[in-house]
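Trainee: Could you help me learn to read a structure with two chains?
Mentor: Gladly, let us go through it together.

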Amino acid sequence: MSHLSEQLASGRFVVTAEVAPPKGIDLQEALSCAEGFDGITAVNVTDNQGANMRMSPLALAALLVRRGIEPVLQLTCRDRNRMALQSDLLGAAALGVENILLLSGDHARFGDHPAARPVFDLDSVQLLQVVRGLEEGHDMAGRPLRGAPHFFAGAAVSPEAEPFELMFQKCSKKAAVGARFFQTQAVFDPHRLERFMEAARPLGVPVLAGILLLKSARMARFLNEKIPGVRVPAHLVERLEASSHPLEEGVAIARDMTACARTLCAGVHLMTLGMEERIPEILQG
Amino acid sequence: MIISSRKKNEELLQALEGKGKVFLVGCGACATACRSGGEEEVFAMQEWLQSTGRDVTGWVVIDEACHIMRAGRDLRQHRAQVEEADALLVLACGAGVQSMSSSTDQRVIGALDSLFLGNIRRFGQYEEKCSLCGDCILNETAGICPVTNCAKGLLNGPCGGLEEGRCEVDREIDCAWHLIFERLKRQKRPGVFARTVPAKNWGKVRKPGRHKIKS
């Protein structure tokens with residue numbers, strides 16, 4: 001049993017954070033980031049996030065396991081067909097990775113290899129089903145596995161996406177096919193998070209609210225323009241703009257959202273993007 | 001129909017290097033309709049080739065360049081001109097180009113890029129609605145194809161990039177799943193949302209394609 005699954009089961013407020021594999025093989029920064037986390041249950045290892053090519057998250061996740069840090073391996077359908085996904089999942093299990101977050105993945109058009117052929121052989125719902133099959137001891141073709149893996153498989157949700165009903169049907173499907181936890185896309189609007197939690201609570205899947213540390217108004221605008229599914233409301237952009245210490249303002253915003261998540265969710269997933277030292281302040285919320 | 005567009009001069013010049021005599025082939029079907037390889041475009045190509053100092057030994061617009069036997073027959077009718085040429089320049093889709101290359105050992109050069117199977121909105125405005133995946137789900141998706149119209153070809157609803165009903169890849173474009181959702185709602189049926197759609201059988205896309213339909 002992973003710590004993440006145990007702590008979510010115990011009802012304790014859970015905190016996860018994330019680290020990106022390096023572009024290259026110099027692991028120093030990624031490892032010291034992961035080792036520097038304090039009070040974090042598990043660390044997500046992102047998978048070519050934003051469709052920018054980096055080291056395999058499976059490699060970094062395995063290295064974290066060796067160091068006694070519990071990873072959440074992110075796995076997208078963008079870069080692997082069903083064979084590669086299954087074989088990476090088996091490899092992950094063999095390397096001691098239990099927590100996985102299964103994603104469709106940002107389209108390749110956003111990243112540094114826009115000419116790449118996006119795969120999307122499976123979608124995230126189907127990938128969750130595949131994981132269940134592997135755990136039951138067979139692959140997608142129905143062939144038996146010699147040694148079945150055990151995972152704690154989660155999925156992503158976008159609580160603020162509109163239309164809500166359409167977004168939510170996908171979320172329900174993910175729960176129905178065995179998502180054991182949800183990590184949300186960055187949320188900035190307490191009311192929208194509340195609306196989502198009201199709908200999601202009956203699904204019985206613990207939700208970790210995505211908290212993204214905004215460092216400046218410029219960054220907020222960049223996210224709005226370039227990052228799919230992230231929408232920083234105008235009033236927060238203005239607040240950052242007006243502040244003489246935008247990073248402090250960003251920490252305050254993240255702290256407020258964390259406080260909100262404490263009343264609504266099973267935990268938070270922190271995206272601090274190089275500002276990991278601010279995590280203790282954010283968690284004061 | 002198959003939507004195609006003319007390759008850039010630069011690329012054509014590269015392909016035509018050392019070819020002083022050229023026989024031109026157009027297509028009377030799709031390439032004529034989308035104005036990339038009809039009679040008019042063949043004439044324009046002829047003028048351009050002549051401006052680069054090349055001779056055009058002759059030309060033909062085949063009714064349907066994808067018809068292998070017809071293409072072969074039409075070429076035979078122009079045998080002398082074809083044989084005189086250093087290369088055939090074909091203003092047709094990839095299928096048309098290959099009708100030619102399977103009818104002659106002469107050097108065959110494609111002048112167009114084949115883009116997609118397109119619906120016509122109005123002249124010059126084409127929309128890709130079907131990707132010929134061999135495993136049609138349209139009856140469940142209110143007649144809107146997610147394999148083609150969802151940027152990721154997802155089968156179980158929209159991705160997290162959905163924003164105000166728009167696609168993450170292009171905010172000008174409606175999310176296909178939003179369109180499906182809205183139309184199914186108007187039709188008062190759950191359609192595809194009633195079930196988890198299993199992984200697609202890409203084995204039905206036969207490569208190399210060898211469909212033979214007997215009548």
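The dialogue below takes the chains one by one and then turns to their contact.

Mentor: This is a predicted model, where local features need pLDDT of at least 70, side-chain atom pairs count only at pLDDT 80 or more, and totals for chains, interfaces and linings use all residues. Residues are numbered from 1 along each chain as its sequence is written, chains are lettered from A and ligands numbered from 1 in the order in which they are written, and side-chain values use heavy atoms, with hydrogens and water left out.

Trainee: How many helices and strands are there in chain A?
Mentor: Helices (H or I, at least four residues) and strands (E, at least two) are DSSP runs, numbered from the N terminus. Chain A has 11 helices and 8 strands. Its radius of gyration is 18 Å, close to the 19 Å that the globule rule gives for 285 residues, so chain A is as compact as a globular protein of that length. That radius is taken over C-alpha atoms, and the globule rule is 2.2 Å times the number of residues to the power 0.38.

Trainee: What does the rule say about chain B, with its 215 residues?
Mentor: Chain B holds 8 helices and 7 strands. The radius of gyration of chain B is 21 Å, well over the 17 Å from the globule rule, so chain B is more spread out than a compact globule. Its C-alpha trace spans about 65 × 40 × 25 Å along the principal axes. Chain B is divided into domain 1 (2-116) and domain 2 (129-204), with bounds from an automatic or database domain assignment. The C-alpha centres of these two domains of chain B lie 38 Å apart.

Trainee: Which salt bridge can I find between E163(B) and its partner?
Mentor: A salt bridge is a side-chain nitrogen of Lys or Arg within 4 Å of a carboxyl oxygen of Asp or Glu. The rule finds 2 salt bridges across the interface of chain A and chain B. In one of them, the side chains of E163(B) and R231(A) meet at 2.2 Å, N to O.
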